[in-house]
2 protein chains.
Amino acid sequence: MKRKKYYWEDFPIGSVTEYGGVTLSKEDIVRFAKEFDPQPFHIDEEAAKHSQFGGLIASGWHTCSLCMRMMCDAYLLESANLASPGVENIRWLKPVRPGDTLHVRSVVLEARPLESKPHIGLMRNRWEVINQHGEEVMQMEGYGMMHRRSHKK
Amino acid sequence: MKRKKYYWEDFPIGSVTEYGGVTLSKEDIVRFAKEFDPQPFHIDEEAAKHSQFGGLIASGWHTCSLCMRMMCDAYLLESANLASPGVENIRWLKPVRPGDTLHVRSVVLEARPLESKPHIGLMRNRWEVINQHGEEVMQMEGYGMMHRRSHKK
């Protein structure tokens, strides 16, 4: 295994990490939605004005995908991580609109070595996606697994 | 409200709908992942060979986004739907690889009118994403809301 910067030990229970800072343009929102979620309030500015949102909003899957990207850039690409089995409780709390700048606040809720594979540590995180007004626009929770520094080859 | 083809009544508890049929190329997988999830096993064919997966696999968020697109094409764009507050229990069960063709099997688990807004019906669905071998590669659950045909203006 290649040497990595971050291991399971670097994310103890209760630790909080803040990162990100991605600004979405109208073009970003429409391009993603045309490919994956072409509902009128995601792709058609005029139709969106008359929707429940009063204007264009990003697909919730776009926000999830951007959260993943911010996570990758902040630590995941430099960590000894394994793939995630899934995520829980995705909540799209507020609309994400053109020009919004998003950050992530990540909290470690749980952390323990796997009983069956003690060289791997499990962690459960909550990720909060926050806009430039400090409003939480999305939240999700999920399990991740990383190699333990104390057990690395 | 514009006249729509599908309303809440069209999705009773226990009803099952199958749809989709999207084939992912290697280029699709790499392009999505370079933008949103640039982990080596999603973007680098050579690195992926030496990973736990033995080859390139799609980002889990790509599979979610494709599931959304298949849902849009099958019924959502022609339905009197409102936005979803969130999804639960996303499970990435098996890798999605270049050349895989994905379908969705959607099951209605719960359906009831909103007490506070009786013109809107709530439903809880489970979406299973299935590959060309009949293997379930992803599963998720979520709430949706649609206008009721019986209450439309």
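A residue counts as buried if 20 or more other C-beta atoms lie within 10 Å of its own, as exposed if 12 or fewer do, and as partly exposed in between, with C-beta atoms placed from the backbone. The model is predicted: local features need pLDDT of at least 70 and side-chain atom pairs count only at pLDDT 80 or more, while totals for chains, interfaces and linings use all residues. Residues are numbered from 1 along each chain as its sequence is written, and chains are lettered from A in the order in which they are written.

**Chain A**

Chain A has four helices and six strands, in the order β-α-α-α-α-β-β-β-β-β from the N terminus. Helices (H or I, at least four residues) and strands (E, at least two) are DSSP runs, numbered from the N terminus. The expected span of a helix is 1.5 Å times one less than its number of residues. For α4(A), residues 60–74, that gives 21 Å, which agrees with the 21 Å between its end C-alpha atoms.

| Property of chain A | Value |
|---|---|
| C-alpha trace along the principal axes | about 55 × 25 × 25 Å |
| Buried share of the 153 residues | 33% |
| Share of contacts between residues at least 6 apart in sequence that join residues at least 24 apart | 71% |

Two residues are in contact if their C-beta atoms, placed from the backbone, lie within 7 Å.

**The two copies**

**The interface**

Contacts join 24 residues of chain B to 24 residues of chain A. On the side of chain B that touches chain A, the elements giving two or more residues are α4 (60–74) and β3 (86–92) of chain B. By class, this side has 15 nonpolar, five polar and four charged residues. Here Ala, Val, Leu, Ile, Met, Phe, Trp, Tyr, Cys and Pro count as nonpolar, Asp, Glu, Lys and Arg as charged, and the others, Gly among them, as polar.

Since 100% of the interface residues of chain B are also interface residues in chain A, the copies meet through the same surface. Strand β3(A), residues 86–92, pairs with β3(B) in the antiparallel sense over four bridges; two strands pair if DSSP finds at least two bridges between them. I90(A) has V87(B) as its bridge partner in β3(B).
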